[in-house]
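The following note concerns the structure shown below.

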Amino acid sequence: RVIINDHLTVHRAQAEYAVELVRDFLDSREPVPKLPLPPPPSPILLKPSRPTLEMVDGAVITYLIGNKTEHYLDLKDSLTSLHINYLSQWPYPVIVFHEGLGANQMEALRELYSNLVFHRLDKNFLQ
């Protein structure tokens with residue numbers, strides 16, 4: 001079995017079959033096949049490897065971003081996805097280490113997820 005992440009496993013035979021289909025398609029240079037694709041020899045079962053998850057005491061999620069606008073925009077997108085797909089079930093604190101977020105940017109991020117802590121990285125950060 002191949003563990004993709006803590007929540008999803010795929011059995012080796014199923015993964016090998018999918019890889020074989022992709023390789024055959026790439027080698028054939030045929031046009032993209034119409035959906036649905038032929039079914040695998042056995043159903044692909046994606047099931048949680050740990051059906052019940054508990055929060056880990058003292059755990060946090062961290063981000064490290066620079067001072068460019070695209071860093072902030074990427075953080076907004078990432079935090080939105082993280083909140084929808086993970087933090088809504090496991091509300092860990094999120095620490096953002098940054099090189100100069102403004103007050104308005106921090107407030108906009110807190111509107112996405114309230115359990116945020118910001119730490120500015122400057123030459124005095126480690127003191």
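1. In this note, rings of Phe, Tyr and Trp (the six-membered ring of Trp) count as a pair if their centres lie within 6.5 Å. The model is a predicted one. By the ring rule, two aromatic pairs are found, and these link Tyr86, Trp90 and Tyr92 into a cluster.

2. Tyr86 and Trp90 make a tilted pair, with 5.0 Å centre to centre and 40 degrees between the planes. Tyr86 and Tyr92, in turn, are stacked, at 6.3 Å centre to centre and 15 degrees between the planes.

3. Tyr86 is partly exposed, at a relative accessible area of 27%. Trp90 is buried, at 16%, and Tyr92 is buried as well, at 6%.

4. Three strands form an open sheet in the order 3-4-5, with parallel pairing. Strand 3 (61-65) and strand 5 (116-120) each have a single partner strand, so one side of each is left without a neighbour in the sheet. On average, neighbouring strands are turned by 20 degrees against each other, direction ignored.

5. Between strand 4 (residues 94-98) and strand 5, the parallel pairing extends over five bridges. Ile95 has Val117 of strand 5 as its bridge partner.

6. Helix 3 (residues 103-112) lies across strand 4 and strand 5, and runs at about 155 degrees to strand 5.

Note on methods. Residues numbered from 1 in each chain as written. Predicted model: local features only at pLDDT ≥ 70, side-chain atom pairs only at ≥ 80, totals over all residues. Heavy atoms only, no water. Pairing = 2+ DSSP bridges. Helix = DSSP H or I, 4+ residues; strand = E, 2+ residues; numbered from the N terminus. Axes fitted to C-alpha atoms, helices over the stretch in contact; angles between N-to-C directions. Contact = heavy atoms within 4.5 Å. Phe/Tyr/Trp six-rings, centres within 6.5 Å; stacked < 30°, edge-to-face > 60°. Buried < 20%, exposed > 50% of the residue type's maximum accessible area, 1.4 Å probe, protein only.
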